Amino acid sequence: GTITEPAFYTIQLEGAQAKIPFILENGEVTIAINKDSIQKSKVSGTYNNDEYAAFNEDITKVQKKLMDFQTKNMEAMNVAQQSKDTVVINNLMQQFSKIQEEVGNASKAKYVAYAESHPKSFITALIIQGMLNDPTADIAKSEKLYNGLDESLKKTKPGIAIKTKLAEMKA
């Protein structure tokens, strides 16, 4: 079939907990499903799906430090909670918060860098839309990114929503 504009969708297999995200767009989209680990499924075949896969790989690398900390300290946290050891709990929570802030800032930087360098990617429209939902959003930066978007993306649902939100925020 055909679709008038790219859109973000998910597929869920019967009996599977996780969903497989992909961008539905004109072209041949290939989804290689890993039944044992849905998160390891691969979506490819079109520009936006290939970009989405590469972008997710980059973001996963940025967030690895946080995941590693959680994995490394899960048992220590469980033991501390069972024994009500508030010193250990507070120490772990402080370390976690520090890493969480660091990873959050690095992730935001990755999102912005991607949006700046990929004006033809549907993901960029989704990133800008997400940025505008943040109360601390830099409106001028978001508007500059929107103005740099490929004209075809400005006509999509996210593109129209960005334009409307920018108009509201400026008013």
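Glu143 is partly exposed, with a relative accessible area of 24%, where buried means under 20% relative accessible area, exposed over 50% and partly exposed in between, using a 1.4 Å probe and protein chains only. This is a predicted model, in which local features need pLDDT of at least 70 and side-chain atom pairs count only at pLDDT 80 or more, while totals for chains, interfaces and linings use all residues. Residues are numbered from 1 along each chain as its sequence is written, and side-chain values use heavy atoms, with hydrogens and water left out.

**Salt bridges**

- A search of the whole structure finds 6 salt bridges, each defined as a side-chain nitrogen of Lys or Arg within 4 Å of a carboxyl oxygen of Asp or Glu.
- Lys170 counts as exposed, at 53% relative accessibility.
- Lys64 forms a salt bridge with Asp68, the closest N and O atoms being 2.8 Å apart, and both residues lie in helix H1, 4 residues apart, about one turn of the helix.
- Lys64 counts as partly exposed at 46% relative accessibility, and Asp68 is also partly exposed, at 38%.
- Lys154 and Glu151 meet through their side chains in a salt bridge of 3.2 Å, N to O, and both lie in helix H5 (residues 151–154), 3 residues apart, about one turn of the helix.
- Lys154 counts as buried, its relative accessibility being 16%.

**Helices H1 and H3**

- The axes of helix H1 (residues 47–82) and helix H3 (residues 122–132) come within 8 Å and cross at roughly 55°, the axes being lines fitted to C-alpha atoms over the stretch in contact and the angles running from 0 to 180 degrees between N-to-C directions.
- H1 and H3 are therefore oblique to each other, given that angles under 35 degrees count as roughly parallel, over 145 as roughly antiparallel, 65 to 115 as roughly perpendicular and the rest as oblique.
- Asn48, Glu51, Tyr52 and Phe55 of H1 make the contact with Phe122, Ile123 and Ile127 of H3, where contact means heavy atoms within 4.5 Å.
- The residues of this contact divide into 5 nonpolar, 1 polar and 1 charged, with Ala, Val, Leu, Ile, Met, Phe, Trp, Tyr, Cys and Pro counted as nonpolar, Asp, Glu, Lys and Arg as charged, and the others, Gly among them, as polar.

**Polar contacts to Glu25**

- Asn48 lies in helix H1 and counts as buried at 5% relative accessibility.
- The side chains of Asn48 and Glu25 make a polar contact of 2.8 Å, a polar contact being a pair of N or O atoms within 3.5 Å in which, within protein, one must be able to donate a hydrogen and the other to accept it, and residues adjacent in sequence count only if both atoms are side-chain atoms.
- Beyond neighbours within four places in sequence, Asn48 is in contact with residues including Pro6, Ile23, Lys120 and Ser121.
- Thr46, in the loop between strand S4 (42–44) and H1, counts as buried at 6% relative accessibility.
- The side chain of Thr46 is joined to that of Glu25 by a polar contact of 2.5 Å.
- Residues up to four places away in sequence aside, Thr46 touches Glu25, Asn26, Gly27, Glu28 and Val29.

- Phe8 lies in strand S1 (residues 7–11) and is partly exposed, with a relative accessible area of 39%.
- Phe8 and Phe22 are 14 residues apart in sequence and 6.0 Å apart in space, C-alpha to C-alpha.
- Not counting residues up to four places away in sequence, Phe8 touches residues including Tyr52 and Phe122.
- Met131 lies in helix H3 and counts as buried at 16% relative accessibility.
- Met131 touches Val112, Ala137, Lys141, Ser142 and Leu145, leaving out residues up to four places away in sequence.

**A positive phi**

- Lys84, in the loop between H1 and helix H2 (86–117), has a phi near 55°, a positive value in a residue other than glycine.
- Lys84 counts as exposed, at 67% relative accessibility.

Technical notes. Helix = DSSP H or I, 4+ residues; strand = E, 2+ residues; numbered from the N terminus.
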